[in-house]
Amino acid sequence: MSAAEKGWKDVPMGGLILEAGNAKEYETGDWRTHKPVWDEDKCSHCMICWVFCPDSAILVKDGKMQGIDYKHCKGCGICAHECPRKCIEMVLDTGKDGEAGASE
Amino acid sequence: MSRRVAITGNEAIAEAMRQINPDVVAAYPITPATEIVQMFANSVSDGKVDTEFVTVESEHSAMSAAIGASAAGARAMTATSSQGLALMWEMLYIAAGLKLPIVAPIVNRALSAPINIHCDHSDTMGARDSGWIQIYSEDAQEAYDNLIQAIRIAEHPDVLLPAMVTMDGFIVSHGMSNAEFLDDDVVRGFIKEYEPKHYLLDVENPITVGALDFSDWYFEHRRQVADAHTRVKDVVLQVAEEFKGISGREYKLFDGYKLDDAEYAIVIVNSAAGTAKTVVDELRAKGLKAGLLKIRLFRPFPQEEIVEALSGKKAIAVLDRADTLSLMGGPLYIDLRAAMYDSPGPRVKMVNYIYGLGGRDINMEQIAGVYNDLVEIVKTGEIKRSVTYLGVRE
Ligand code: SF4
Ligand code: SF4
């Protein structure tokens with residue numbers, strides 16, 4: 001986690017969260033073992049993946065799919081399962097830079 | 001002016017609660033604590049307090065409502081006994097983990113089965129690891145005084161932990177005794193307004209309470225609870241000092257009775273301490289150096305101070321009104337033995353007596369017998385039995 005270097009003296013008592021709306025700062029993407037890889041060329045922008053993604057990790061702009069928010073995608077594979085054009089593939093996320101399937 | 005009254009323990013607690021005038025009380029009736037809330041409910045309907053009184057469908061809900069109220073920023077209280085405390089169990093840990101300074105008088109009563117409504121300490125002793133501060137009271141006066149002090153202790157910014165104040169079911173809760181009540185304005189001046197730092201009703205500064213806390217932070221937050229407990233002792237003593245100023249009554253972490261020069265000591269909590277003190281007086285008149293240590297603050301456990309007070313005694317008997325069923329004795333005994341492991345000098349001989357389960361009376365002859373056993377142990381150097389069930393029919 002981003003604040004893992006902090007100790008018990010540095011964090012709000014009792015697990016309180018003192019800022020509102022900070023869930024987006026909690027990067028749940030590192031829970032993932034497999035990551036969805038999107039093939040833009042096959043995509044019809046039907047938005048079915050956007051509807052089904054339980055983590056709001058499908059990035060959309062002006063009615064068009066833009067890609068996947070890997071900081072928050074937990075790798076459940078629902079998008080790949082639901083996509084009618086089979087343009088999302090789940091691949092092992094090794095987390096290593098430069099490899100296919102790296103986190104960022 | 002303070003008032004001197006003849007009063008039961010429950011009446012004393014209900015009076016303290018009226019004077020405290022909490023923002024929220026959520027409670028469910030259970031013998032022998034029922035009267036506390038019943039009498040407090042009268043104060044609510046008579047308009048003597050401003051409390052939001054929540055009649056819930058169970059003790060689990062009572063503690064849940066108190067937690068919600070406390071998280072919202074209220075001074076919240078409840079009261080219960082026995083099965084009621086047992087039903088609050090999971091919520092007790094939540095109150096402590098969220099660091100909510102809820103204060104609850106608990107009237108000690110045995111746990112089923114078999115079903116029993118009378119006094120022993122199984123209920124609160126079972127909650128000793130829940131993270132709550134535990135303060136034990138010998139009589140109605142102590143229960144009244146301890147409850148008022150518990151508000152200040154729990155809400156102290158260095159502490160912020162829930163606190164339970166216990167007294168013995170029926171023996172104290174329903175027994176009439178002499179006590180002195182403080183004036184309402186003196187109590188209110190002493191407890192002051194509760195000013196929480198972070199609370200849900202602070203709409204300018206929205207917070208989340210009770211969020212999911214996995215392996216990345218749970219450990220740190222539980223560590224904070226332990227840390228808060230390290231500061232309780234000092235706060236208890238500070239608050240006691242201030243309380244002495246308004247009441248003239250002195251409180252410490254524990255009470256030594258003819259303990260300083262004692263060779264044989266009994267360690268005990270709550271009402272049986274009164275009976276034991278009379279036995280100490282009788283034995284002293286016969287020339288035996290008997291003494292007694294009555295624990296007031298049991299959680300956190302004031303190890304250093306207790307070890308200091310008991311070091312150098314020839315033999316110690318710990319009297320427990322609860323069993324742990326670990327076969328190593330009652331909860332007080334186990335803690336005392338662990339604490340005394342670090343005592344300087346030769347190891348003090350210690351034995352345990354489990355007494356009074358389910359309200360079984362303990363009498364002066366039995367307590368005198370315990371001191372006799374200690375004398376015998378020192379004379380022979382031999383402990384025949386480390387745990388004795390005292391007063392059970394063989
Ligand atoms: S894998 Fe799951 S979490 Fe990730 S984008 Fe697809 S549906 Fe959303
Ligand atoms: S479901 Fe498939 S085709 Fe539809 S928008 Fe998502 S990726 Fe594109």
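## Pocket linings

Ala, Val, Leu, Ile, Met, Phe, Trp, Tyr, Cys and Pro count here as nonpolar, Asp, Glu, Lys and Arg as charged, and the others, Gly among them, as polar. By that scheme, the lining of the largest pocket divides into 17 nonpolar, seven polar and six charged residues. This is a predicted model, in which local features need pLDDT of at least 70, side-chain atom pairs count only at pLDDT 80 or more, and totals for chains, interfaces and linings use all residues. Residues are numbered from 1 along each chain as its sequence is written, chains are lettered from A and ligands numbered from 1 in the order in which they are written, and side-chain values use heavy atoms, with hydrogens and water left out.

Rolling a probe the size of a water molecule over the atoms shows where empty space is left. A pocket is found on a 1 Å grid over the protein atoms alone: it is an open set of points where a 1.4 Å probe fits, with protein on both sides within 12 Å along at least five of seven lines. Lining residues have an atom within 4 Å of a point. Grid points are joined across faces, edges and corners, and a volume is the space filled by probe spheres set on the points.

The largest pocket has a volume of about 900 Å³. Its lining has 30 residues. Nearest its centre lie Ile17(A), Glu19(A), Asn22(A), Tyr26(A) and Trp217(B).

The second largest pocket holds about 740 Å³ of space. It is lined by 34 residues, and the closest to its centre are Met13(A), Lys99(B), Pro157(B), Leu160(B) and Lys197(B). This lining divides into 19 nonpolar, four polar and eleven charged residues. Helices (H or I, at least four residues) and strands (E, at least two) are DSSP runs, numbered from the N terminus.

## Lys99(B) and helix H5

Where does Lys99(B) lie in chain B? Lys99(B) is in the loop between helix H5 (89-97) and strand S5 (103-108). Buried means under 20% relative accessible area, exposed over 50%, and partly exposed in between (1.4 Å probe, protein chains only).

Contact means heavy atoms within 4.5 Å. Not counting residues up to four places away in sequence, Lys99(B) touches Met13(A) and Gly14(A), along with Val159(B), Leu160(B), Leu161(B), Gln224(B) and Ala228(B). Helix H5(B) has its own buried residues: Met91(B), Leu92(B), Ala95(B), Ala96(B) and Gly97(B). They pack against H3, helix H4 (82-87), strand S7 (163-168) and H9 of chain B.

## Domains and cores

Chain B is divided into domain 1 (3-247) and domain 2 (254-390). These bounds come from an automatic or database domain assignment. The C-alpha centres of the two domains lie 28 Å apart. Across the boundary, 30 residues of domain 1 are in contact with 27 residues of domain 2.

A nonpolar core is a set of buried Ala, Val, Leu, Ile, Met, Phe, Trp, Tyr and Cys residues joined through side-chain atoms within 4.5 Å. The largest has 78 residues, and Ile295(B), Leu310(B) and Leu336(B) have the most contacts inside it. Its largest share, nine residues, comes from helix H7 (residues 140-155) of chain B. Domain 1 and domain 2 of chain B each give this core at least three residues. Another core, of 26 residues, lies apart from it; among them are Val280(B), Ala368(B), Val370(B) and Val375(B).

Leaving aside neighbours within four places in sequence, Leu336(B) is in contact with Val267(B), Ile295(B), Phe301(B), Ile306(B), Leu310(B), Val318(B) and Met350(B).

## Backbone details

The peptide bond from Thr31(B) to Pro32(B) is cis, with omega near 0 degrees. Pro32(B) is in the loop between strand S2 (24-27) and helix H2 (34-45) of chain B. A cis peptide bond also joins Arg299(B) and Pro300(B), where omega is about -5 degrees. Pro300(B) lies in the loop between strand S12 (297-299) and helix H12 (303-310) of chain B.

His45(A) has a positive phi, near 55 degrees. His45(A) lies in the loop between strand S1 (34-38) and helix H1 (48-52) of chain A. For Phe170(B), phi is near 65 degrees. Phe170(B) is in the loop between S7 and strand S8 (176-181) of chain B. Its relative accessible area is 21%, so Phe170(B) is partly exposed.
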